[in-house]
Amino acid sequence: MTQPHQTLGEYIIENQKTFQYSSGELSRLINSIRLAAKVVNHEVNKAGLVDITGAYGETNVQGEDQQKLDVLANELFIETLINREIVCGIASEEEDDFITVKGHNENHDNKYVVLMDPLDGSSNIDVNVSVGTIFSIYRRITPAGEPVQLKDFLQPGHQQVAAGYIIYGTSTMLVYTTGHGVNGFTLNPAIGTYYLSHPNMQFPESGRIYSVNEGNYIHFPIGVKKYIKYCQEEEGDRPYTSRYIGSLVSDIHRNMIKGGIYMYPKSSKAENGKLRLLYECNPMAFIVEQAGGKASDGFQRIMDIQPTELHERVPFFCGSKKMVEKAEEFMSK
Ligand code: AHG
Ligand code: MN
Ligand code: MN
């Protein structure tokens, strides 16, 4: 039973046995993400301040180069992940190619690959709006002992062993799944501890929020245009409410709590939309499905897509099951 005030650390230890491979490595991996997220949280929170102190040039008071926060977050997560003897490879939205991580004594024995979007919604940083981090974890498919290969990263989403996001919002939360439901932990910044605040999160089966960048309306496929019009019609519980932050993590987090659909369709300007299958769509799809929601590219399940390249993009429809099904219905017509 869930105890009140259970910490993330306690939760990880108590639930370790439910992992498919319970050697403790995945627990340690999630622990390291928890730690890196705290550091990134600290950096994100002082973003405005750094702008002020760095306003005279490219260097800060310590003489260090000012870094864009997405580059800094990328470095912080990579640094934390490579020092743990667990990860054999990392792929990041901020890196052109995957990174091979060696284990103890320069070997290639580590078993897990991590894919991540270190800072999602980074254009919102400058205006003090919530951003996030998204991560996705797989077991390697090449034998341990050999250097990790591209195919270890190009696994369909249903092979994920864990996925999560951190939302740096009005409070900082870590939300993740290992395939046994979804739990959310809120950081108490005063003592640097995450507490289980949202046990067993459930995506409402239906909702009244639709989230899409309607500025692109003219370029959307006809099925999407018709679904948007359906959301705006006056009938039953419609018209729905439109909410779009422009931070995938925040938009989906809100919809998961309140009920809603998030859409980033393809358009005549972007054949596969904008979002990346490996760093954004697959991890969010795993979380959303584990909470009872649905994620599709408009026609098929996101997690069944066989990736062909690291930075592949895919149209994304994600949220309350009934709403995503409705959108698919409009697109199939
Ligand atoms: P990132 O900051 O990692 O590049 O991701 C931004 C993404 C996503 O968070 C958001 O939902 C979407 O881009 C917004 O795109 P538009 O500005 O085109 O609506
Ligand atoms: Mn992103
Ligand atoms: Mn990003």
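1. Two strands are taken to pair if DSSP finds at least two bridges between them, and on that basis this predicted model contains an open sheet of five strands in the order S10-S9-S11-S13-S12, with mixed pairing. Strand S10 (241–242) and strand S12 (294–296) stand at the edges, and because each has a single partner strand, one side of each is left without a neighbour in the sheet. S12 is joined to strand S13 (residues 316–319) by three bridges, the two strands running antiparallel, and within S13 it is Phe317 that stands opposite Ser296.

2. Distant parts of the chain are linked here, since Asp120 belongs to strand S3 (residues 112–120) and Glu280 to helix H8, 160 residues apart. Asp120 is buried, with a relative accessible area of 4%, and Glu280 is likewise buried, at 2%.

3. The manganese ion (ligand 3) is coordinated by Glu93 (OE), Asp117 (OD) and Leu119 (O), at 2.2 to 2.3 Å, and the spacing of its donors along the chain is E-x23-D-x1-L. Asp117 bridges this ion and the manganese ion (ligand 2), the two ions lying 3.8 Å apart. With a relative accessibility of 0%, Asp117 counts as buried, as does Leu119 with 2%. Water is not among the atoms, so either site may look incomplete, and the donor lists should be read with that in mind.

4. Leaving aside neighbours within four places in sequence, Met284 is in contact with Ile134, Tyr165, Leu248, Val249, Ile252 and Phe316.

5. On the cysteines, a search of the whole structure finds zero disulfides. The case of Cys281 can be followed directly: the closest cysteine sulfur to its own is that of Cys318, at a distance of 8.3 Å, which is too far for a bond, given that a disulfide requires sulfur atoms within 2.5 Å. Cys281 counts as buried, at 0% relative accessibility, and Cys88 is buried as well, with a relative accessible area of 2%.

6. A last point concerns Ser267, which is placed in the loop between strand S11 (260–264) and helix H8 (277–290). Not counting residues up to four places away in sequence, Ser267 touches His219 and Phe220.

Conventions: Residues are numbered from 1 along each chain as its sequence is written. Chains are lettered from A and ligands numbered from 1 in the order in which they are written. This is a predicted model: local features need pLDDT of at least 70, side-chain atom pairs count only at pLDDT 80 or more; totals for chains, interfaces and linings use all residues. Side-chain values use heavy atoms; hydrogens and water are left out. Helices (H or I, at least four residues) and strands (E, at least two) are DSSP runs, numbered from the N terminus. Contact means heavy atoms within 4.5 Å. Donors are N, O and S atoms within 2.8 Å of the metal (3.2 Å for Na, K and Ca); water is not among the atoms, so sites may look incomplete. Buried means under 20% relative accessible area, exposed over 50%, partly exposed in between (1.4 Å probe, protein chains only).
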